[in-house]
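Please look over the sequence and the structure shown here, and then follow a guided walk from the whole chain down to single residues.

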Amino acid sequence: MKDNPIAVALIGAGNIATRHLANLQFLGDNRVAAICDIDRARAATLAVPCGANVYTDWQTMVAQEPQLDALILCTPPTVRRVLFTLAAEHKLAVYCEKPPANTLDEAHKIAQIVRESGMICSVGFHMRYSPAVDRFRALTAGRPVNLVQSIMASPAALTRSLDGWFFIQEKSGGPVMDQAIHVIDLLRFVVGDITQVQTFGNNVLCPKAADFTIEDSTCTNLRFANGASGSHIHSWAVPKGMDTLTILGADFSLALRPHSPPRVQGILGWPSTEQRVIDETFPQGPPMGRSGRIPDNRLPTDPPDPPHCEALKVFLAAVRSGDASQIRSPYTDAVQSLAVVLAMLRSSATGCVERSHG
């Protein structure tokens, strides 16, 4: 059990780092010792308000910050294994943003590093920590799932509101790897493992070019290990954001919203019987979102970015106690979600049904 504040360093000073940093300051009982980014000015922008040291090289940072307890990795997925190796060598815990790696080979090598070092590690699949997810699982315990339908969409490709690397397939994996992986991971958590996928993608609105090599929209058929079927639509080329997830069984039809705010809505009960109406919303302050701005209507008791705060809170508690049992998104499980989205990307290229093998 560690008694002193946990010393944390962030590697990568982009948008998600802004949100993690705000949550760290809100949670307290930690000290942001350093922020590292190849863009020194960007790192300094985040570091100055919290008194953190600024670095452009992570090896130098770790060497000059011997008191560190944990790293928070906010880099593109292509930069992972070298950082896990560094963390293992210095006995540091790791909170790794999703996706856990860019290839399965890399992910398996990192999983071996995590396993052999015994490090505390959590992957940033924050939807698993939502109170609405807890409630959904309680309501549907023992009830078989038949069908799943989900949509997640935004105008990101139309507005080019993300950093340029998000639109390069080799760096981000596009909407499937960057965002759909959250939905896939959540479905694995509440429904079960996904064994087969077939994905169709298009560039009807945003043609591919040298600076835009991703498909802007995809539609995926899903086959679950328990026999359930589903579909997931994902796009960065719609005029207004959408985020819906509906899960059905013989005696329930429930819409699950993990955040903004968390909500479970629908019915429980067999047809031709008295059905129970479910409409439960969990209090939650407004999220920062990609803008990095904390909304004006946030209360002082609200985390700056609630969707990510609980996952980070659980990780910090594990670092302090040495007990990782409450972490819901361990690295080895995150590899399975990565395997599904990689199968989706393969299917989009081939048009064939692809099996997911983690």
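Two strands are said to pair if DSSP finds at least two bridges between them. Helices (H or I, at least four residues) and strands (E, at least two) are themselves DSSP runs, numbered from the N terminus. The structure is a predicted model, in which local features need pLDDT of at least 70 and side-chain atom pairs count only at pLDDT 80 or more, whereas totals for chains, interfaces and linings use all residues. Residues are numbered from 1 along each chain as its sequence is written, and side-chain values use heavy atoms, with hydrogens and water left out.

Taken as a whole, the chain holds 11 helices and 15 strands, and its C-alpha trace spans about 65 × 45 × 45 Å along the principal axes. The radius of gyration, taken over C-alpha atoms, can be set against a globule rule of 2.2 Å times the number of residues to the power 0.38. For 358 residues a compact globule would have a radius of gyration near 21 Å, and the chain, with 20 Å, agrees with that. Buried residues, where buried means under 20% relative accessible area, exposed over 50% and partly exposed in between (1.4 Å probe, protein chains only), make up 53% of the 358 residues in the chain. If one takes the contacts (heavy atoms within 4.5 Å) between residues at least 6 apart in sequence, 66% of them join residues at least 24 apart.

The strands can be followed sheet by sheet. Strands of a sheet pair through backbone hydrogen bonds, either parallel or antiparallel.

Another open sheet has 9 strands in the order β14-β13-β12-β11-β7-β10-β9-β8-β15, and its pairing is mixed. Its edge strands are β14 (276-281) and β15, each of which pairs on one side only. Strand β8 (residues 194-202) is joined to strand β9 (residues 217-224) by 8 bridges, and the two run antiparallel; Ile 194 stands opposite Phe 224 in β9, and Thr 199 stands opposite Thr 220 in β9. Strand β8 also pairs with β15 (residues 354-355) in the antiparallel sense, over 2 bridges, and there Val 197 has Glu 354 as its bridge partner.

Which strands does α11 lie across? Helix α11 lies across β8, β9 and β15, running at about 45 degrees to β8. Helix α11 (residues 331-350) also packs with helix α5 (residues 104-117), at an angle of about 180 degrees and with their axes 10 Å apart. That makes α5 roughly antiparallel to α11, since angles under 35 degrees count as roughly parallel, over 145 as roughly antiparallel, 65 to 115 as roughly perpendicular and the rest as oblique. In this contact, residues of α5 including Leu 104, Ile 110 and Val 114 meet residues of α11, among them Tyr 331, Val 335 and Leu 342.

Helix α6 lies across β11 (242-249), β12 (252-257), β13 (263-268) and β14, running at about 170 degrees to β12. Ala 132 lies in this helix, α6 (residues 131-140), and counts as buried because its relative accessibility is 0%. Leaving aside residues up to four places away in sequence, Ala 132 touches Leu 256, Arg 257, Pro 262, Arg 263, Val 264 and Phe 282.

Finally, Ser 154 is found in the loop between β7 (147-153) and α7 (156-159). Is Ser 154 buried or exposed? At 16% relative accessibility, Ser 154 counts as buried, and, residues up to four places away in sequence not being counted, Ser 154 touches Ser 235, Trp 236, Ala 237, Val 238 and Gly 241.

Definitions and conventions. Axes fitted to C-alpha atoms, helices over the stretch in contact; angles between N-to-C directions.
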